[in-house]
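Hi,

Here is the structure I promised to pass on.

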Amino acid sequence: MTASAASTATPDLLTALANKATHLRMDSVKATTEAGSGHPSSCCSAADIVAVLFFSVMRYDPKNPKLPNSDRFVLSKGHAAPLLYAAWAEAGLFPTSELLKLRTLGSDLEGHPTPRLSFVDMATGSLGQGLPAGVGLAFNAKSIDKTDYRTYVLMGDGESVEGSVWEAAEVARHAALDNLCAIVDVNRLGQSDPTMLQHDMEAYRARWAGFGWHAIVVDGHDIGALVAAFEEAARTKGRPTVLLAKTFKGRGISFMENHPEWHGKPMKKGEETQKALDELTRQLKPGSTQPQIPMPTAVKAAAPAKGTMAPPPYKLGDSAATREAFGAALLALGEANSQVVALDADVKNSTYSDKFGKRFPGRFLENFIAEQNMLGAAAGIAACGKIPFVATFAAFFTRAYDFIRMAAISQSNIKLVGTHVGVSIGEDGPSQMGLEDLAMMSAQPGVTVLYPSDALSMYKLVEAAAAHKGMVYLRAGRPKTPVIYGLDEQFKIGGSKVVRQSVADQLTIVAAGVTLFEALKAHDQLKAAGITTRVVDLYSIVPVDRATLLDCARATGGRFLTVEDHYAHGGIGDAVLSALASDGVRVHKLAVREIPRSGKPDELVDHFGIGVRSIVKAAQEIVKTASR
């Protein structure tokens with residue numbers, strides 16, 4: 001539908017908001033000109049929208065952006081960051097003079113927003129990520145905290161092609177997030193070409209309405225129409241709302257407006273910039289009314305319920321898959337800590353997060369087969385101070401890797417759990433086998449990577465992951481494995497366990513997960529053949545236990561063999577090599593070195609060179625070569 005109802009705004013307020021929009025345009029121009037880079041045309045198209053939101057619609061404290069019940073704003077079109085910064089400066093959070101430091105090394109006003117800024121919940125700029133984050137923010141208010149803040153997500157029309165947008169649209173509709181309002185800045189022009197639909201507003205309306213959203217077409221430069229549309233969105237119950245705002249890139253600057261060549265191009269200092277500022281200045285209307293920013297409703301923050309996790313339900317000699325142990329630990333963690341939230345993507349009966357979902361439905365978000373939205377929503381939930389655990393098959397994290405990358409930039413406190421790793425999953429074949437996940441997760445700065453080998457270590461490392469501030473990845477296997485640790489064992493992040501050793505060890509074998517048990521069997525066979533080996537369970541890949549590895553290197557003459565159910569690059573072998581290379585230690589790596597295929601788990605482990613037979617052979621060759 002097209003917005004038609006009159007707004008409640010007075011003429012004085014409409015004039016004041018129009019002036020705010022003009023000031024936002026002027027500040028965006030000044031900042032990008034001073035920086036010599038940026039997107040002033042994209043800022044200008046959305047200035048009226050942002051002015052109405054920040055100075056009439058959103059409830060927040062301009063001096064305290066982190067108030068828990070403040071309305072949330074996500075700038076999905078992150079390249080319009082100068083507009084966001086200008087809005088907060090105009091609201092009084094910091095002096096407008098700071099805007100002239102845009103994109104400089106010493107300023108947090110970066111080219112795209114990051115949470116270094118108090119008013120930014122998560123990093124944006126990789127397009128298609130704002131709406132999934134908005135889903136998480138809105139879900140937190142509606143289902144977890146049960147508060148009345150609203151979430152607004154400003155998107156570009158170009159990013160509407162991203163599949164993650166429509167994943168979020170589906171999940172938001174299914175979750176009935178009527179506290180979520182998206183705004184699409186339909187300015188017609190992309191980076192290199194006009195957008196697919198350009199200004200076909202009916203096509204936009206039909207698409208969003210078809211996804212079950214309340215869709216409002218509005219003139220994005222009509223202040224009164226925008227106010228009325230946001231009022232209509234706030235009245236809409238049972239489903240989310242999208243404002244489809246028809247705008248023009250570079251609005252207000254005649255030589256820039258609706259011209260494609262101005263994408264991502266600042267104005268030259270001097271005459272060109274002054275010409276734009278003079279034109280904008282003439283658009284200011286007389287009137288001294290200052291709009292009053294609505295304050296959020298007061299809420300008494302409930303103290304999070306935190307208790308002690310129940311002890312692990314495992315004892316030495318039991319047999320259980322680490323993915324099962326994750327489910328048991330997540331449930332126990334949820335009982336002990338009300339801040340823990342879980343997200344899944346239609347595999348909860350395989351990741352065992354279904355136990356948590358049944359016990360705590362208000363803290364569980366089912367995303368169906370929408371892994372990108374799952375990661376984005378988790379980042380939004382984490383921005384609200386919660387501890388989200390995100391579980392799926394490790395292989396399926398690959399399609400959400402850009403969201404993982406952006407969450408790492410945000411230093412988000414999300415915990416990822418990847419199950420069904422390696423060839424040991426068996427008959428499902430290579431499309432389901434996570435064989436690159438350790439490399440993916442280890443590549444992102446600040447991400448802790450853990451690979452428990454038995455159920456008890458998984459249980460305890462889930463608890464450690466929740467207590468750790470920052471992103472954590474837990475790798476979980478499909479097959480059942482023996483429980484080899486007792487209840488008194490402790491598992492610290494950055495540690496390892498030496499599970500076999502003697503004073504006469506000739507070689508260190510480093511493994512984790514299913515290959516640890518292959519290494520233990522190889523240890524026994526080698527011992528019977530007169531070769532003594534030390535076996536290390538490297539359950540912490542990042543950070544790695546360099547001190548223990550160095551001790552092992554000294555004890556075994558610098559001879560190392562690593563074995564992993566993972567591709568050869570970026571896994572356990574490379575973690576050990578990176579830790580020891582400067583000490584002249586040679587590392588021999590056993591890993592999966594070709595695209596695998598279906599088969600029985602045991603035969604695949606053997607066939608692809610990571611089983612006991614391959615370990616014994618490699619160990620014999622290493623020791624034989626060393627004795628020459």
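A word on terms before the findings: a residue is called buried if its relative accessible area is under 20%. Please also keep in mind that this is a predicted model.

By that cut-off, Trp166 and Trp208 are both buried.

Now to the ring pairs. Rings of Phe, Tyr and Trp are taken as a pair if their centres lie within 6.5 Å, and by this rule there are 19 aromatic pairs. One of them joins Tyr60 and Trp88: the ring centres are 5.1 Å apart and the planes stand at 65 degrees, so this pair is edge-to-face. Tyr60 sits in the loop between α2 (40–57) and β1 (72–75), while Trp88 belongs to helix α3 (residues 81–91), so the contact ties together parts that are 28 residues apart in sequence. Tyr60 counts as buried, at 3% relative accessibility, and Trp88 is buried with a relative accessible area of 7%.

Back to the two tryptophans: the rings of Trp166 and Trp208 have centres 4.7 Å apart and planes at 45 degrees, so that pair is tilted. Trp166 is in helix α5 (residues 163–174) and Trp208 in helix α6 (residues 201–210), so this pair ties together parts that are 42 residues apart in sequence.

Tyr60 and Trp88 also belong to one aromatic cluster, together with Phe54, Phe73, Tyr85, Phe94 and Phe119.

Finally, two lysines to look up. The charged end of Lys20 sits over the ring of Phe55, 4.9 Å from its centre. Lys265 lies over the face of Trp262, at 4.9 Å from the ring centre.

Best wishes

How values were computed
Residues numbered from 1 in each chain as written. Predicted model: local features only at pLDDT ≥ 70, side-chain atom pairs only at ≥ 80, totals over all residues. Heavy atoms only, no water. Phe/Tyr/Trp six-rings, centres within 6.5 Å; stacked < 30°, edge-to-face > 60°. Helix = DSSP H or I, 4+ residues; strand = E, 2+ residues; numbered from the N terminus. Buried < 20%, exposed > 50% of the residue type's maximum accessible area, 1.4 Å probe, protein only. Lys NZ or Arg CZ within 6 Å of the ring centre and 35° of its normal.
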